[in-house]
Amino acid sequence: MNKAVWFCGVVEVVEVGDKMIYSITHKNKNFEVKATYKVVHDVRDESFDCNCNHFVHNGMLCRHAFKVMLNSEVQSIPEKYILPRWRRELVPVELLPARVRYGEMDDEKQALINQAISMFDLIIGCVRNDKGSLTKFVEQLERLGDEIRRMFQY
Ligand SMILES: [Zn+2]
């Protein structure tokens with residue numbers, strides 16, 4: 001996605017109340033303009049809505065909205081645009097009591113599970129704004145998962 005951002009240009013910015021409306025050109029590799037999209041940056045809730053609807057369909061930020069984020073110098077990508085698919089799965093699990101999730105529990109097991117979950121949260125906190133680090137983290141988790149499955153022969 002980062003590279004694709006260079007094929008986008010900001011042609012117009014209009015300020016309407018709390019909203020900044022950007023016209024973003026979508027160019028191909030030969031820098032020919034293929035389409036123009038409107039990205040609405042709502043300053044109050046830090047939302048970036050693009051009428052290409054890429055985010056709505058894929059749950060991933062489109063290059064046009066990303067371009068606007070770079071342009072408006074946001075400090076970090078708003079949380080709602082980061083891996084929404086994961087969060088949909090993670091949030092309900094966190095709301096369940098641990099005993100329901102993991103079966104019979106003693107205090108020692110419970111403490112270890114809490115430790116594992118908080119370590120995981122800490123790492124996510126470190127890598128959440130960097131797609132490269134996140135990708136690496138997911139790959140490492142997959143390797144670790146394979147290793148553990150082999151160990152217990154699941
Ligand atoms: Zn878009």
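Contact here means heavy atoms within 4.5 Å. The model is predicted, so local features need pLDDT of at least 70 and side-chain atom pairs count only at pLDDT 80 or more, while totals for chains, interfaces and linings use all residues. Residues are numbered from 1 along each chain as its sequence is written, and side-chain values use heavy atoms, leaving out hydrogens and water.

View 1. Strands (E, at least two residues) and helices (H or I, at least four) are DSSP runs numbered from the N terminus. Not counting residues up to four places away in sequence, S23 touches G9, V10, V11, E12, T36, Y37 and K38. S23 has a relative accessible area of 4% and is therefore buried (buried is under 20%, exposed over 50%, partly exposed in between; 1.4 Å probe, protein chains only).

**View 2. Salt bridges linking D18, D42 and R44 in a network.** A salt bridge is a side-chain nitrogen of Lys or Arg within 4 Å of a carboxyl oxygen of Asp or Glu. R44 pairs with D18 at 3.2 Å, N to O. R44 lies in the loop between β3 (33-42) and β4, and D18 in the loop between β1 (8-16) and β2, so this pair ties together parts 26 residues apart in sequence. The closest N and O atoms of D42 and R44 are also 3.2 Å apart. D42 is buried at 7% relative accessibility, whereas R44 is exposed at 62%.

**View 3. The salt bridge between D146 and R149.** The closest N and O atoms are 2.8 Å apart. D146 and R149 are 3 residues apart in helix α6 (residues 131-152), so about one helical turn separates them.
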